[in-house]
Amino acid sequence: MADPFLSIQHVRKSFGATTVVEDFNLDVERGEFVSFLGPSGCGKTTVLRMVAGFEEPSAGTIVVGGKDITKLRPNQRNVGMVFQAYALFPNLTVAQNIGFGLKVAGMPRADIDARVTEMLGIIKLPQMADRYPYQLSGGQQQRIALARAIAPKPKLLLLDEPLSALDAKVRVSLREEIRSIQKKLGITTIFVTHDQEEALSISDRIAVMYGGKAEQVGTPFEIYNRPATKFVANFVGTLNVLEGTVTDAAAGTVRVNSEQVSLKGKLNGSKSGDTLSLALRPEAISLGRQPGRDSSLSGEISEVHFLGSVIRVRVGIGGSTVSLDTFNSPATPPPAVGEKAEISFSSSDMLVLH
Amino acid sequence: MKSGRFWAWVVFIVGAAYFFIPLLATVEFSLRMRRGVHSFDAYQIVLGDPRFQATFLYSVIAAVFTIILGVLVVVPTAYWIRLRLPQLRPIVEFITLLPLVIPAIVIVFGYIRMYGSNSPLPFLGSNMGANALLVIGYATLALPYMYRAVDTGLRTIDVRTLTEAAQILGAGWGTIIGRVILPNVLIAVLSGAFLTFAIVIGEFTMASLLNRPAFGPYLQNIGANRAYEPAALAVIAFAITWGCMSLIQILSRFAPKSANRPN
């Protein structure tokens, strides 16, 4: 990345003796959609608030479009932000809310009206101009908040868990709408969420955060399939973790529950006799031997959950339990608890957690 | 259940009687000025008295200035305490309660000693200075009511997020307070304003000891020298106070509604 649009370099934030963000680094390209994903208290909102100017970094710099904005006040940054709690001004109509930033900037009345109409068209709520926030649903309020944030044409759009307060159905439709508007306008966007599905579905890249640091930054595909750390592997998606012992480091073989699995090229300096944590995604595992799967383990079915189109099966293997999903087939009854079962997988799908 | 309801009504009627009987007696007495018939003579005399008009006008003007001073002091203070200094809230609440604990007579004696004509700040050396001191004193007396009204109003809105939303849209502090915060707590501010008005209109101690031609000392003077007119004045003062309370109720219906409190 030769010339990043947003560059966050060595940013640290401490509140008294507590450090909530430690040496955070991230470069974001123009027009990119980057999500900060992590559990509560990992520092993702603090980083966003530092980019917005609501918190001043204890150290480090934030550069947008080549200009250092680290010390600028929020109203000098030309950044748009959507808040979790909508934060629409209750005393103003929808049109007045959307036009607020334009009025503050001193735009002529006719231009404000035109821009407000354009924004209402973009968020597909053209008939709502004269309504007050309390007359709108949560989803509508958040769309108005989005329109208000992008109306002044900010350089950067910050979304602080904008979907958290909405119900599941609205959340899915609104996240698709946010992504489509973002792509259409080409606006560089930072999206904070603790919902991995949200982050995976709409981001160009994801920064997975833990303990005030970015554990891994990568595309959703990389984050999900090639997690760099144990935390990322556990936090993103469902993961089955098995203990294995390296039997032959040179040949790359590992013993899992008395069966040999070949992990050539993945052992990364492990020695024979070392104990490793091995991880498999549920979708990488099949019940029974399947063609193309080079490894298998035997166990006993401990739980079966019928979820409609999918059946979630848990299989006890040694001291561990492996979870896997199979599609429902009306012609085949689901497996029974207590049955002996064999699971198969490709050793290339197995992750070694370091 | 029925017995409980019966006793509830008994308590309500006794309470209402305790409140209304003296009031009705005062109204009835104020109408007895003309021997043998009920008339509004006492009201005519009171309302036609040039001293009534002058003192009432003086107190209304003093009330308006007190409200302006109170809003200018209390709104930014309560806003800043909520936004940036919540740890100071107990201290500020304690300070705003002091006028309820310290009698007005103690405050006004303190003023006379501090701001007499020989002091470095000789407020009492001129009429304007004394008027200003009276308004400052009234603002102090009204502080517990004004602060609580504004603080309650601020509690109903998400001050921090609304402030940040306005800031990120480019607004400065003046715009934030003037266009975002104040309109959303306007009803609370008006409640505080009407309570202030009611306090100022009937206040006696400060106005009397600072020798100001206010409505309170006039009420006392009439009460000491006349029979029926004080009752008429009491009814008028009561009507003004009730009018203020009714206005608070009416205006609260126009309060900006949040999504969380649609009705």
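## A loop to start with

In which loop of chain B is the place of B:Ser117? In this predicted model, B:Ser117 sits in the loop between helix H5 (104–114) and helix H6 of chain B. Let us look around from there. B:Ser117 counts as exposed, because it has 10 C-beta neighbours inside 10 Å, and a residue with 12 or fewer is classed that way.

Leaving out residues up to four places away in sequence, B:Ser117 touches B:Pro122, B:Leu124 and B:Gly125.

## Chain A as a whole

Chain A has 354 residues, of which 41% count as buried. Its secondary structure consists of 8 helices and 20 strands. The C-alpha atoms of chain A fill a box of roughly 75 × 50 × 35 Å along the principal axes.

The chain is divided into domain 1 (6–235) and domain 2 (240–353). Taken over C-alpha atoms, the centres of these two domains of chain A are separated by 39 Å. For contacts in chain A between residues at least 6 apart in sequence, 65% join residues at least 24 apart.

## The largest nonpolar core

The largest nonpolar core holds 161 residues, and the members that touch the most others are A:Ala145, A:Ala147, A:Leu158, A:Val208, B:Tyr138 and B:Val150. The element that gives the most to this core is helix H6 (residues 127–155) of chain B, with 14 residues. Domain 1 (6–235) and domain 2 (240–353) of chain A both contribute residues, so the core lies between them.

Setting aside neighbours within four places in sequence, A:Val208 is in contact with A:Leu37, A:Gly38, A:Glu215, A:Gln216, A:Ile223, A:Val232, A:Phe235 and A:Val236. One of these contacts, A:Gln216, is also the bridge partner of A:Val208 in strand E10 of chain A.

## Two open sheets in chain A

An open sheet of 6 strands in chain A has the order E6-E7-E8-E3-E9-E10, with mixed pairing. Its edge strands are E6 and E10 (213–218), each pairing on one side only. From one strand to the next, the twist averages 20 degrees. Strand E9 (residues 205–210) and E10 of chain A pair in the antiparallel sense over 5 bridges. Helix H4 (residues 138–150) of chain A lies across E6 and strand E7 (156–160), running at about 175 degrees to E6(A).

Another open sheet of chain A has 4 strands in the order E2-E1-E4-E5, with antiparallel pairing. Strand E2 (18–28) and strand E5 (67–68) stand at the edges, each with a single partner strand, so one side of each has no neighbour in the sheet. Strand E1 (residues 6–15) of chain A pairs with E2(A) in the antiparallel sense over 7 bridges. Within this pairing, A:Ile8 has A:Leu26 as its bridge partner in E2(A).

## A strand with two faces

Strand E19 (residues 340–345) of chain A has A:Ala341, A:Ile343 and A:Phe345 on its covered face, with A:Lys340, A:Glu342 and A:Ser344 on the uncovered one.

Strand E15 (residues 286–287) of chain A pairs with E19(A) in the antiparallel sense over 2 bridges. Strand E16 (residues 295–306) of chain A also runs antiparallel to E19(A), joined to it by 6 bridges.

## An enclosed helix

Why is helix H1 (residues 44–52) of chain A described as largely enclosed by the rest of the structure? The reason is that 9 of its 9 residues are buried. The buried residues of H1(A) include A:Lys44 and A:Arg49, along with A:Val47, A:Leu48 and A:Met50. A:Gly53 follows H1(A), and its phi is positive, near 100 degrees.

## Where chain A meets chain B

Here 22 residues of chain A are in contact with 21 residues of chain B. On the chain A side, the elements that give two or more residues are strand E6 (79–82) and helix H2 (94–104). This side divides into 17 nonpolar residues, 5 polar and no charged.

Key
Residues numbered from 1 in each chain as written. Chains lettered and ligands numbered in written order. Predicted model: local features only at pLDDT ≥ 70, side-chain atom pairs only at ≥ 80, totals over all residues. Core = buried A, V, L, I, M, F, W, Y, C linked by C-beta atoms within 7 Å. Buried ≥ 20, exposed ≤ 12 C-beta atoms within 10 Å, placed from the backbone. Domains from an automatic or database assignment. Contact = placed C-beta atoms within 7 Å. Nonpolar A, V, L, I, M, F, W, Y, C, P; charged D, E, K, R; others polar. Pairing = 2+ DSSP bridges. Axes fitted to C-alpha atoms, helices over the stretch in contact; angles between N-to-C directions.
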